[in-house]
Amino acid sequence: MMPMPFRLARASLRAVLRGRSRQIAWLLAGASTVALVGGLVAAVGSGYVYISLAEAGADQSTLADAGDITLPAVGALRRERARLRSALAQVTPKGRYIVIDRTLNKLYLRDADKELLAAICSAGSGAVLNEPGGQRQWLFATPSGRFEVLGKIVKPVWKKPDWAFIEAGEPIPKNPGDRFVYGELGEYALYFGNGYMIHGTLYERLLGRSVSHGCVRLGRDDLRALYAAAPLGTPIYVY
Amino acid sequence: MSTNPRPAALFVAVSAVWLGAVGLIGQPTTGADPVDTLRTEIEVLDRQVELATGKAFYLILSEEASELRLMFGGALLQQFPVSSMEVGYPRLTFRRVGEVPPWSSKVWRNGALVPGRAVETAVLQPPAAGADDEIETPVPPTVEEAIPVPERYLIRFTDGLALEIAQPADPSEGYIASRLRLLGLRWSEVRSVMSQSTVDAVRVRLVLDRTVAEALYRSVPADVGLMMARGRTSS
């Protein structure tokens with residue numbers, strides 16, 4: 001049973017609605033229109049306002065007003081500039097360097113701002129292999145960062161690691177001599193540490209796709225060109 | 001022996017007028033203050049050294065060269081040409097939201113793609129040891145198949161700056177479709193500012209060709225840094 005005050009309020013509201021339904025409808029329509037127009041105006045005045053970079057940057061300088069600059073002050077500025085340029089030069093590769101885009105599977109050989117070679121490669125697949133019934137797990141990814149050509153190998157021989165046997169469903173050999181595979185890595189290899197190399201492939205049709213176990217595969221002609229042009233110590237940047 | 005000084009004086013006067021006319025005498029009246037130029041150069045170099053001596057990938061947005069450069073250390077890794085650059089500030093009912101940070105003189109860090117790249121990690125199932133059946137290795141998808149690229153995306157940095165990467169309008173798109181697309185974009189911006197949760201203090205909108213925008217999305221490294229170079233940069 002509803003309490004008396006609520007019953008009275010409900011009855012009063014009904015009476016009001018009956019008597020003034022048209023006025024209330026107009027009032028509601030008016031309020032809705034005002035809310036809609038207000039919302040539209042607010043929306044028009046909200047969001048992001050864009051201006052050109054040059055225009056926006058004019059008031060962005062954090063430099064203090066130069067004021068009266070004396071010759072010793074200009075000298076100090078020049079020395080500071082020279083110091084910074086020298087610091088930058090120390091981390092800038094001198095001569096040739098290799099760039100590998102492991103997502104787009106592209107390899108470049110650059111010399112300063114010149115591009116000497118642009119090749120399609122195959123980087124790591126990013127897949128994971130778990131040892132059946134074991135504890136070991138391997139991630140087949142090409143590492144990112146800065147490396148160097150640490151070794152240059154002609155007719156490289158692949159010493160198959162455990163994962164290669166597990167992936168193929170083969171027993172892991174006890175005799176180390178059973179791990180060597182000839183010819184699979186192409187004519188040359190450029191070793192850049194931790195077991196990673198840039199080498200050739202028997203599966204050139206898969207170049208451009210991320211299929212390797214972490215090494216970087218190149219086509220025969222590009223590998224020949226890279227091997228000839230990249231000396232030991234050439235920096236390698238992988239991203 | 002007497003000499004007439006008039007021809008010599010005349011020669012000096014004419015030479016002075018000529019040299020003045022070709023700009024060899026006196027100070028240049030146009031161009032930037034060399035001290036300001038020097039200080040701007042130092043400011044840019046200082047940030048570049050800060051980034052180059054770190055161990056993270058970073059982007060340099062060069063206004064002068066109209067390009068975005070991907071760098072590591074001091075090495076230029078990739079260049080992405082930019083068609084247009086704009087800076088956007090958020091506003092709510094015609095009023096600017098929050099303080100505008102000094103975006104052009106700061107190193108921005110920990111850039112992350114929004115929406116992020118959806119990369120699936122495949123788990124290989126090796127065949128049982130000694131199984132006779134030859135396993136057929138599936139051909140993995142191409143990068144185009146594996147990583148679809150949204151028409152617009154952000155690289156959002158901590159502390160309130162985001163690069164908005166857009167592609168130029170498709171000329172084959174009809175008038176109504178383009179209006180609806182722009183309206184949808186505008187509405188998403190309004191919603192983002194009104195919600196306050198994902199509002200960026202500064203958005204730098206870059207228009208890149210489709211292939212360039214796609215390449216950037218697919219290969220920009222995680223936690224990338226950014227600096228904006230308004231003057232000359234060393235690359």
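The model is predicted; local features are reported at pLDDT of at least 70, side-chain atom pairs count only at pLDDT 80 or more, and totals for chains, interfaces and linings use all residues. Residues are numbered from 1 along each chain as its sequence is written, while chains are lettered from A and ligands numbered from 1 in the order in which they are written.

Helices and strands were assigned as DSSP runs, numbered from the N terminus (H or I, at least four residues, for helices; E, at least two, for strands). Two strands count as paired if DSSP finds at least two bridges between them. In general, strands of a sheet pair through backbone hydrogen bonds, either parallel or antiparallel.

In chain A, 9 strands form an open sheet. Their order is E7-E14-E2-E3-E4-E13-E12-E11-E8, and the pairing is mixed. Strand E7 (145–148) and strand E8 of chain A stand at the edges. Each has a single partner strand, so one side of each is left without a neighbour in the sheet. On average, neighbouring strands of this sheet are turned by 30° against each other, direction ignored. Axes here are lines fitted to C-alpha atoms, for helices over the stretch in contact, and angles run from 0 to 180 degrees between N-to-C directions.

Several pairs within this sheet can be followed residue by residue. E7(A) and E14(A) pair in the antiparallel sense over 4 bridges. Here A:Phe147 stands opposite A:Ile236 in E14(A). E2(A) and E3(A) run antiparallel and are joined by 6 bridges. A:Arg96 faces A:Asp111 of E3(A) across this pair. The hairpin of E2(A) and E3(A) has 4 residues between the strands, and A:Asn105 takes a positive phi near 55°. E3(A) and E4(A) are also antiparallel, with 6 bridges. The bridge partner of A:Leu109 is A:Leu117 in E4(A). These two strands form a hairpin with 2 residues between them, and A:Ala112 in the turn has a positive phi of about 55°.

Helix H5 (residues 220–229) of chain A contains the buried residues A:Leu223, A:Leu226 and A:Tyr227. A residue is buried if 20 or more other C-beta atoms lie within 10 Å of its own, exposed if 12 or fewer, and partly exposed in between; C-beta atoms are placed from the backbone. Seen down the axis of H5(A), the buried residues fall within an arc of 100°, so they line one face of the helix. That arc is taken from the directions from the helix axis to the C-beta atoms. On the other side of H5(A), A:Asp221 and A:Ala228 are exposed. The buried residues of H5(A) pack against strands of chain A, including strand E3 (106–111), strand E4 (114–122) and strand E13 (216–218). Contact means that the C-beta atoms of two residues, placed from the backbone, lie within 7 Å.

Strand E8 (residues 151–154) of chain A includes A:Val154. This residue counts as exposed because it has 8 C-beta neighbours inside 10 Å. A:Val154 and A:Pro235 are 81 residues apart in sequence and 20 Å apart in space, C-alpha to C-alpha.

A second open sheet crosses between the chains, with 3 strands in the order E6(A)-E5(A)-E7(B) and mixed pairing. Its edge strands are strand E6 (137–140) of chain A and strand E7 (123–124) of chain B, and each pairs on one side only. Strand E5 (residues 127–130) of chain A pairs with E6(A) in the antiparallel sense over 4 bridges. In this pair A:Leu129 stands opposite A:Trp138. E5(A) and E7(B) pair in the parallel sense over 2 bridges. Here A:Val128 stands opposite B:Val123.

Chain B comes to 5 helices and 11 strands. Of its 235 residues, 29% count as buried.
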